[in-house]
Amino acid sequence: MFLINKLLAWTLPLVPKFIVGIFSKKYIAGPTLNDAIKKIKEFNSKGIMATVDILGEETNNKEDALKVVDEYLQVFEAIESYQLDSNVSIKPTHLGLKIDKEFCYHNIRTIVKEAQKYNNFVRIDMEDHTCTTDTIDIFLQLKENFNNVGMVLQSYLRRTIDDVNTLLEKKANLRLCKGIYIEPRLVAYKDPSIISENFKYCLEKLLGAGCYVGIATHDEKLIWHALSQIDKFNLKKEEYEFQMLLGVTDELRNILVSAGHRMRIYVPFGQQWYAYSMRRLKENPNIARSIIKNIFTKG
Ligand code: FDA
């Protein structure tokens with residue numbers, strides 16, 4: 001069954017876009033900022049925080065990257081005017097990393113500076129391994145002047161233990177996740193149990209060093225391990241947070257929230273929903289299976 005599911009996930013690119021659209025509704029607030037605001041209000045009313053992501057990546061001209069900067073500035077305005085409990089997540093390639101690193105740095109700096117004005121925070125998402133070094137460089141350069149910026153580490157990357165050692169000395173604010181891109185074995189672990197062990201190892205080191213960690217997983221075994229570390233280090237609720245994706249494992253999310261843990265939901269919105277949806281769907285072959293079934297039964 002596992003192999004069939006995997007195979008179905010890989011045939012997803014053949015699925016008509018409108019069908020992907022139907023299934024991706026769960027994972028995306030909608031095409032507009034207003035859609036994101038609506039979702040965030042819902043979460044906030046349940047005591048859950050959010051981080052807003054404007055969908056898009058691999059921007060290949062400066063004009064488009066600058067438009068993305070402007071869109072993020074509008075997001076801060078909306079957060080302020082609706083008094084939302086939300087920060088933002090950004091992707092360096094969306095802001096021009098593949099065009100020019102210095103240009104990307106300045107774009108991210110503009111967003112972080114605007115966030116500072118509103119006493120808000122910017123999380124730099126981590127993309128595939130070709131971006132890791134540049135993303136860490138940009139983050140560390142920003143961190144010299146701003147304390148409202150954080151980054152992401154992926155436990156599937158072989159380099160992450162070394163990155164943890166560098167970043168914990170700087171008391172960086174980090175999101176820790178498994179990692180979602182398809183990476184070569186040379187740079188990333190392939191065995192899910194090693195990825196989980198590395199997640200635990202890195203989390204323990206970061207929490208032990210007093211770093212604020214966004215514990216980003218829906219994996220209940222890792223969540224149990226995180227809870228055990230929170231207990232071991234006697235952490236207060238405001239010294240860490242759990243993070244989950246919109247539309248994934250709502251029940252587990254509610255269990256953690258009811259137990260009093262801080263929870264932040266990643267709320268993506270925007271016109272470029274297709275690439276994001278395909279990643280989410282490939283990640284969960286059971287959904288891929290129901291899409292294919294749906295096509296055939298409808299047909
Ligand atoms: P795992 O994939 O093992 O999932 C555990 C369980 O969760 C599954 O058994 C299933 O029940 C459920 N589940 C997981 N995904 C699901 C889905 N799509 N639909 C339905 N159920 C699902 N990655 C990255 O490379 N860079 C980044 O910057 C980020 N940022 C980020 C932010 C936040 C808030 C989260 C939660 C995740 C990310 N990720 C990410 C993605 C992350 O790397 C990872 O791919 C996913 O979180 C899935 O991994 P889990 O740890 O949840 O385990």
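Q: Taking buried as under 20% relative accessible area, exposed as over 50% and partly exposed as in between (1.4 Å probe, protein chains only), how does Arg-253 count?
A: This is a predicted model, where local features need pLDDT of at least 70, side-chain atom pairs count only at pLDDT 80 or more, and totals for chains, interfaces and linings use all residues. Residues are numbered from 1 along each chain as its sequence is written, and side-chain values use heavy atoms, with hydrogens and water left out. Arg-253 has a relative accessibility of 7%, so the residue counts as buried.

Q: Which residues is Arg-253 in contact with, leaving aside its neighbours within four places in sequence?
A: A contact means heavy atoms within 4.5 Å. With those sequence neighbours set aside, the partners of Arg-253 are Phe-43, Ile-48, Met-244, Met-263 and Ile-265.

Q: Is Lys-39 buried or partly exposed?
A: Let's look at helix α3, where Lys-39 lies. The relative accessibility of Lys-39 is 23%, so Lys-39 counts as partly exposed.

Q: How are α4 and α5 arranged, roughly parallel or roughly antiparallel?
A: Axes are lines fitted to C-alpha atoms (for helices over the stretch in contact), and angles run from 0 to 180 degrees between N-to-C directions; under 35 degrees is roughly parallel, over 145 roughly antiparallel, 65 to 115 roughly perpendicular and the rest oblique. The axes of α4 and α5 come within 9 Å and cross at roughly 10 degrees. That crossing is why the two helices are described as roughly parallel.

Q: How many nonpolar residues are in the contact of α4 with α5?
A: On the α4 side the contact uses Lys-62, Ala-65, Leu-66, Val-69, Tyr-72, Leu-73 and Phe-76, and on the α5 side Phe-103, Asn-107, Thr-110, Ile-111, Glu-114 and Ala-115. Ala, Val, Leu, Ile, Met, Phe, Trp, Tyr, Cys and Pro count as nonpolar, Asp, Glu, Lys and Arg as charged, and the others, Gly among them, as polar. By class, two residues of this contact are polar and two are charged, while the nonpolar ones number nine.

Q: At what angle do the axes of helix α7 and helix α8 cross?
A: Helix α7 covers residues 160-169 and helix α8 covers residues 192-208. Their arrangement is roughly parallel. The two axes come within 10 Å of each other, and the crossing angle is roughly 10 degrees.

Q: Which residues of α8 make the contact with α7?
A: By class, this contact has six nonpolar, three polar and one charged residues. From α7 come Thr-160, Ile-161, Val-164, Asn-165 and Leu-168, and from α8 come Asn-198, Tyr-201, Cys-202, Lys-205 and Leu-206.

Q: Is Asn-120 buried or exposed?
A: Asn-120 is found in the loop between α5 (101-117) and β3 (122-124). Beyond four places in sequence, Asn-120 is in contact with Phe-76, Ile-79, Ser-86, Asn-87, Ala-115 and Asn-148. A relative accessibility of 13% makes Asn-120 buried.

Q: What is phi of Asn-119 near?
A: Asn-119 is also found in the loop between α5 and β3, and with a relative accessible area of 74% Asn-119 is exposed. Most residues other than glycine have a negative phi. Asn-119 is not glycine and has a positive phi, near 60 degrees.

Q: Where is the place of Lys-171?
A: Lys-171 has a positive phi of about 50 degrees, although it is not a glycine. Strand β5 spans 174-177, and the place of Lys-171 is the loop between α7 and β5.

How values were computed
Helix = DSSP H or I, 4+ residues; strand = E, 2+ residues; numbered from the N terminus.
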